[in-house]
Amino acid sequence: MPVVSAGILLHRGGRREVFLVHPGGPYWARKDEGAWSIPKGLVGEGEDELACARREFHEETGFAAPGPAQALGTFRLPSGKRLKVWAVEGDCAAAALKSNLFEMEWPPHSAKRARFPEADRGGWFDKETALVKIVKGQRPAIEAFFAAGL
């Protein structure tokens, strides 16, 4: 059975913008186009997928996404993982993003551990910009959102 992630695509309906996050850590520090993501995370065994998506959104952004959720679909990522995405209308101040941290060995092979934010910033993007910013594997989710006309 493939690994499943779940995510929330927050959108501002009146402006037709979506909220994406830029991954934190040294590997992504100098990447912009093709690097941004829908806030998402792995679904735990027996966990409700939408509840997971809301939890992950909060962990990665510090914001809640409590509104009604519209399922956008399940998308196969290049890794083979499945990504289930829901659109939720809402708003947040991107500059106020506060992400949880992860730990990794840094620099590589140094035996030193460093902590980095899972997402180092967030931003609101219109369709054209979102399609340039989003990682390639998540592009179909952005296209599905704009095609749905939510």
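Two strands pair if DSSP finds at least two bridges between them. Helices (H or I, at least four residues) and strands (E, at least two residues) are DSSP runs, numbered from the N terminus. These legends describe a predicted model, in which local features need pLDDT of at least 70 and side-chain atom pairs count only at pLDDT 80 or more, while totals for chains, interfaces and linings use all residues. Residues are numbered from 1 along each chain as its sequence is written, and side-chain values use heavy atoms, with hydrogens and water left out.

Figure 1. From the N terminus on, the order of elements is β-β-β-α-β-β-β-β-β-α-α. The C-alpha atoms fill a box of roughly 50 × 35 × 25 Å, taken along the principal axes. The radius of gyration (over C-alpha atoms) is 15 Å, which agrees with the value near 15 Å for a compact globule of 150 residues; the globule rule is 2.2 Å times the number of residues to the power 0.38. Contact means heavy atoms within 4.5 Å. Among contacts between residues at least 6 apart in sequence, 66% join residues at least 24 apart. Of the 150 residues, 43% are buried, a term that stands for under 20% relative accessible area, with exposed over 50% and partly exposed in between (1.4 Å probe, protein chains only). The mean pLDDT (the predictor's confidence in each residue, from 0 to 100) is 93, and 99% of residues reach 70 or more. By element, the lowest mean pLDDT is that of strand β6 (residues 101–105), at 89, and the highest is that of helix α2 (residues 127–133), at 98.

**Figure 2. Strand β1 is largely enclosed by the rest of the structure, because nine of its nine residues are buried.** Val-4, Ala-6, Ile-8, Leu-10 and Arg-12 point one way from β1, and Ser-5, Gly-7, Leu-9 and His-11 point the other way. β1 runs parallel to β5, joined by eight bridges; in one of these pairs, Leu-10 has Val-88 of β5 as its bridge partner. β1 is antiparallel to β3 (residues 40–42), with three bridges. Two bridges link β1 to β2, also in the antiparallel sense, and the partner of His-11 in β2 is Val-18.

**Figure 3. Ser-5 lies in strand β1 (residues 4–12).** Its relative accessible area is 3%, so Ser-5 is buried. Across the pairing with β3, Ser-5 has Leu-42 as its bridge partner. With neighbours within four places in sequence left aside, Ser-5 is in contact with Gly-41, Leu-42 and Val-43, and also with Lys-81, Arg-82, Leu-83 and Lys-84.

**Figure 4. Two hairpins each contain a residue with positive phi.** Four residues separate the strands in the hairpin of β1 and β2, where Arg-16 has phi near 55 degrees. In the hairpin of β4 and β5, five residues lie between the strands and Gly-80 has phi near 95 degrees. β4 and β5 are antiparallel and share seven bridges; Ala-71 is partnered with Trp-86 of β5.

**Figure 5. Helix α3 (residues 139–148) has buried residues at Ala-141, Ile-142, Phe-145 and Phe-146.** They lie on the same side of α3, because they cover an arc of only 130 degrees around the axis; the arc is that of the directions from the helix axis to the C-beta atoms. The buried residues of α3 pack against β1, β2 (17–23), β4 (69–76), β5 (82–89) and α2. Gly-149 follows α3, with a positive phi near 65 degrees.

**Figure 6. The largest nonpolar core has 19 residues, of which Leu-9, Val-18, Leu-20, Ile-38, Val-85 and Ile-142 touch the most other members.** Such a core is a set of buried Ala, Val, Leu, Ile, Met, Phe, Trp, Tyr and Cys residues joined through side-chain atoms within 4.5 Å. At least two residues of this core come from each of β2, β4, β5, α2 and α3. The largest share, four residues, is that of α3. A second, separate core of 17 residues includes Phe-19, Ala-65, Trp-86 and Trp-124. In soluble globular proteins, nonpolar side chains tend to be buried together.

**Figure 7. Contacts of Val-18.** Residues up to four places away in sequence are not counted. Val-18 touches Leu-9, Leu-10 and His-11, then Gly-123, Trp-124, Phe-125 and Ala-130, and also Ile-142, Phe-145 and Phe-146.
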